[in-house]
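Me: Please take me through this structure feature by feature, giving the general idea before each case. I would like to learn how such features are read.

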Amino acid sequence: MAEPSLATTWTRKDLLDTDTLSREEIDLILETARGMREIRSRPVSKVSTLRGVTVATLFYEQSTRTRASFEVAAKALGADVVNLTAAGSSVEKGETLIDTVRTLEAIGADVIVMRHPRSGAPYLAARNTGAAVINGGDGTHAHPTQALLDLFTMVEHLGSLEGRKVVIVGDILHSRVARSNAWTLLRYGAEVILCGPATLLPRSYVPQLGENRCALTTDLDRAVEGADVVMALRMQKERQQRGLIPSLREYISGYQVNAARMGRARPGALLMHPGPMNEGIEVAPDVAHGAQSLVEEQVANGVAIRMALLYLIAARSRR
Ligand code: CP
């Protein structure tokens with residue numbers, strides 16, 4: 001890819017979830033990410049396309065992958081980056097989210113990448129600033145950039161996802177990763193199976209696109225039969241403390257992705273995990289680091305996807 005030009009067909013100011021993204025919009029993101037990955041592979045893996053653009057990262061929750069990869073992505077495109085966490089900022093003195101995003105806009109932020117423990121917080125921010133807002137994870141609601149990098153990783157390995165069986169296993173009820181992934185996978189025609197203990201499966205709201213609806217199951221051994229992709233989710237320890245699973249031992253016995261379970265999947269099936277992993281809990285260490293594991297590739301693809309999104313969103317605001 002030559003130096004990217006800023007002519008694109010992207011029209012959205014913000015990226016808040018994957019549920020409203022069309023197939024064409026997702027195709028554009030993935031195609032742009034392929035070009036960005038090529039830029040990243042060069043000896044000098046930087047361009048100056050976003051020179052003069054300021055990207056602020058605003059994180060009210062911990063993050064390694066999302067925050068670092070947005071920073072790397074912004075710098076690879078020549079943008080300036082301001083990093084803010086709740087700790088150490090005026091949020092600790094009681095500043096509201098709205099005042100914080102307006103302050104960032106006033107000091108020149110064109111794009112605000114935010115993570116917040118409250119579901120919906122990025123929507124509130126987006127309504128109250130002229131800067132573009134990218135959701136880096138909000139409560140139990142959505143994590144669109146994770147879903148897009150996961151989709152990108154699957155498509156690069158499998159080609160078409162039409163009819164491919166993707167099993168997502170873990171705490172589905174509280175997982176923003178599972179929700180955002182469900183929407184992109186349904187949009188690409190995959191068969192999506194959400195698996196976990198009954199207490200960690202949603203009772204009412206299950207993503208559905210037309211006739212294509214996610215299936216729910218508590219039986220991982222059956223779910224993984226013939227699967228093309230098995231994605232393990234992090235077991236959040238606070239769920240155990242709240243009594244939503246009987247014990248970690250029970251959870252591991254029923255829901256750990258291990259070699260025996262991967263053996264029931266299609267030969268060469270892909271193992272994915274959004275990270276951070278609790279090795280030995282939701283995924284066995286030999287599987288997490290085995291030949292079928294794409295965990296590190298997911299992280300690397302995260303930079304390309306985030307470069308693509310920053311590029312598309314900044315291009316729109318400059319048109
Ligand atoms: N997958 C993910 O969101 O990781 P971080 O919490 O490290 O950003």
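**Reading the features**

Reply: Leaving aside neighbours within four places in sequence, D150 is in contact with V177, N181, M231, M272 and Q298, where contact means heavy atoms within 4.5 Å. This is a predicted model, in which local features need pLDDT of at least 70 and side-chain atom pairs count only at pLDDT 80 or more, while totals for chains, interfaces and linings use all residues. Residues are numbered from 1 along each chain as its sequence is written, and side-chain values use heavy atoms, with hydrogens and water left out.

Me: Where is the place of D150, and which side chain of opposite charge is nearest to it?

Reply: D150 has its place in helix 5, residues 144-158; helices (H or I, at least four residues) and strands (E, at least two) are DSSP runs, numbered from the N terminus. In charge terms, Lys and Arg count as positive and Asp and Glu as negative, with His and the chain ends not counted. D150 is buried and has no salt bridge, R306 being the nearest side chain of opposite charge at 8.1 Å. Buried means under 20% relative accessible area, exposed over 50%, and partly exposed in between, with a 1.4 Å probe and protein chains only.

Me: How should I read a salt bridge, and how many salt bridges does the count come to?

Reply: Side chains of opposite charge can pair when their charged atoms come close. The rule here asks for a side-chain nitrogen of Lys or Arg within 4 Å of a carboxyl oxygen of Asp or Glu, and by that rule the count is 14 salt bridges. One of them joins the side chains of E31 and R34, with N to O at 2.9 Å; these two residues are 3 apart in helix 1 (residues 23-40), which means that about one helical turn separates them. E31 is partly exposed at 49% relative accessibility, and R34 is partly exposed at 26%.

Me: Which residues are linked with R34 in a network of salt bridges?

Reply: The network links E31, R34, R37 and E156. Within it, the side chains of E156 and R34 meet in a salt bridge of 2.9 Å, N to O. That pair links distant parts of the chain, with E156 in helix 5 and R34 in helix 1, 122 residues apart. E156 is partly exposed, at 29% relative accessibility.

Me: What does R176 form with E61, and why does the pair tie together parts 115 residues apart in sequence?

Reply: R176 forms a salt bridge with E61, the closest N and O atoms being 3.1 Å apart. R176 lies in helix 6 (residues 176-187), whereas E61 lies in the loop between strand 1 (54-59) and helix 2 (65-76), so the pair ties together parts that are 115 residues apart in sequence. R176 counts as buried at 13% relative accessibility, while E61, at 23%, counts as partly exposed.

Me: Which residues are around the ligand?

Reply: The surroundings are read with a distance rule, a residue being near a molecule or strand if one of its heavy atoms lies within 4 Å of it. The residues around the ligand are S63, T64, R65, T66, R115, H143, Q146, P274 and G275. A ligand oxygen is 2.8 Å from a polar backbone atom of T64, another listed distance, 2.7 Å, runs from a ligand oxygen to an N or O atom in the side chain of T66, and a ligand nitrogen has a backbone N or O atom of P274 at 2.9 Å. Taken alone, the ligand exposes 250 Å², of which the protein buries 92%, with accessible areas from the Shrake-Rupley method with a 1.4 Å probe and, for residues, only the protein chains shown counting as cover.

Me: How is a peptide bond read, and is the one from G275 to P276 cis or trans?

Reply: Most residues other than glycine have a negative phi, and most peptide bonds are trans. The bond from G275 to P276 is cis, with omega near -5°, and P276 is found in the loop between strand 11 (270-272) and helix 11 (285-288).

Me: Which residues does G226 touch, not counting residues up to four places away in sequence?

Reply: With those residues not counted, G226 touches K165, R264, A265 and R266. G226 lies in the loop between helix 7 (220-223) and strand 10 (229-232), and is partly exposed, with a relative accessible area of 40%. The C-alpha atoms of G226 and A265 are separated by 4.3 Å, although these residues are 39 apart along the chain.

Note on methods
Polar contact = N/O pair within 3.5 Å; in protein donor to acceptor, adjacent residues only side chain to side chain.
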